[in-house]
Amino acid sequence: MPTTTVTDELIAQLRALEAQGAEAVGAAGGAEPLEALRTEYLGRKGRLTGILRRLGELSAEERPVVGAEANRVKEALSALLDERAASFAAAADAGPGIDLSLPGRGRWKGGVHPVTLVIDEICEIFRDLGFNRIAGPELETQEYNFSKLNFPPNHPATDMHDTFYVTDEVLLRTHTSPMQARVMEQFAPPVRVVVPGTVYRRDPFDASHAPAFEQIEGLAVDEGITFADFKATISTFVRRFFGADAKTRFRPSFFPFTEPSAEVDVSCQLCGGSGCSACKGTGWMEIMGAGMVHPNVFAAAGYDPERYTGYAFGMGPGRIAMQRYGVPDIRLLYESDVRFLGQFT
Ligand code: DAH
């Protein structure tokens, strides 16, 4: 069995120290524990010095051999400590507690409300057709909301069940049509306007009704405007908004402020007209009420009914948004759930 010399023993101890030191440096959790390791291993009273205390036991020839190995180990550990210290310093420069390797957090991005998207798109199409976009008051008088629009006194729509009254005379507008009267009183013909806005009705809040919702009123008045102008304008709008293949249908209807009156349907966007649950099997979706402005409405607004004619229409962009985006319940539009609203941009 070979005898182990003191030299071999010290060299083995130095190498073990190097291995332990390298492992400890790798495991150090920060700059402070790292400096403690430097002291523990390489300090004046450290473990390396402890090993070298036995140099005195060696002969003059053996001493430089162990000394050289001790220097090598000291330099190797010193280099490891410096390298690790530099990496802690770099992380500290990047700011306290910041882990540069973490994936970034997505930025919160808002969306435009789907009904606003539809309103803006509709108004832009009508702008191309020569219509100005304006707004009007949500608090209206009985006179503008009903009387000036040729509603007879005691018309069912004036009933408390449909209208939110603030006082006997003042109410929340039930439609955007009062803006017809306001526009004609303020501007001489010709006029072409679209008026988007919120309207209010005493309806239950259920899957297909909301007590507050949006309408877009349209009004075009000039000399010589006919129902043919109305049909051409609306058909153009429908093709621009719903697509070149969309068909338009005009059905006779009744409104006190138009004569003749019509309701306008567009071929169902979901089934293309063959009939589905969205259009209740008819192949058509109603998009607006409309008609030629009643002479009494002109007279009440101070326009000469003998000289001017025009058409008016009112549509529900909320309904149109529901059809376009496949929204089954109107409450989704008005409950401000960002998980739903964030889908629209
Ligand atoms: N104001 C009507 C409503 O709220 C919609 C309407 C129908 C508007 C015919 C019009 C129109 O301008 O001509 O139900």
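Reader: Are Phe241 and Phe242 buried or exposed?

Author: Both Phe241 and Phe242 are buried. Keep in mind that this is a predicted model.

Reader: What makes Phe241 count as buried?

Author: Buried means under 20% relative accessible area. Phe241 has 4% relative accessibility, so Phe241 counts as buried. Phe237, at 0%, therefore counts as buried too.

Reader: Why is the pair of Phe237 and Phe241 called stacked?

Author: Ring centres have to lie within 6.5 Å to pair, and planes under 30 degrees apart count as stacked. For Phe237 and Phe241 the values are 5.8 Å centre to centre and 25 degrees between the planes, so the pair is stacked. As for their place in the chain, these two are four residues apart in helix H8 (residues 227-242), which means about one helical turn separates them.

Reader: And what makes the pair of Phe241 and Phe242 edge-to-face?

Author: Here the centres are 4.8 Å apart, with 75 degrees between the planes.

Reader: Which residues form one aromatic cluster with Phe241?

Author: Phe126, Phe131, Phe237, Phe242 and Phe313 form one cluster with Phe241. By the pairing rule, the count comes to 16 aromatic pairs.

Reader: Which residue lies over the face of Phe241?

Author: That's Arg324, at 4.1 Å from the ring centre. The distance cut-off for a charge over a ring is 6 Å, so 4.1 Å is within it. Elsewhere, the charged end of Arg182 sits over the ring of Tyr144, 3.9 Å from its centre.

Methods
Residues numbered from 1 in each chain as written. Predicted model: local features only at pLDDT ≥ 70, side-chain atom pairs only at ≥ 80, totals over all residues. Heavy atoms only, no water. Phe/Tyr/Trp six-rings, centres within 6.5 Å; stacked < 30°, edge-to-face > 60°. Buried < 20%, exposed > 50% of the residue type's maximum accessible area, 1.4 Å probe, protein only. Lys NZ or Arg CZ within 6 Å of the ring centre and 35° of its normal.
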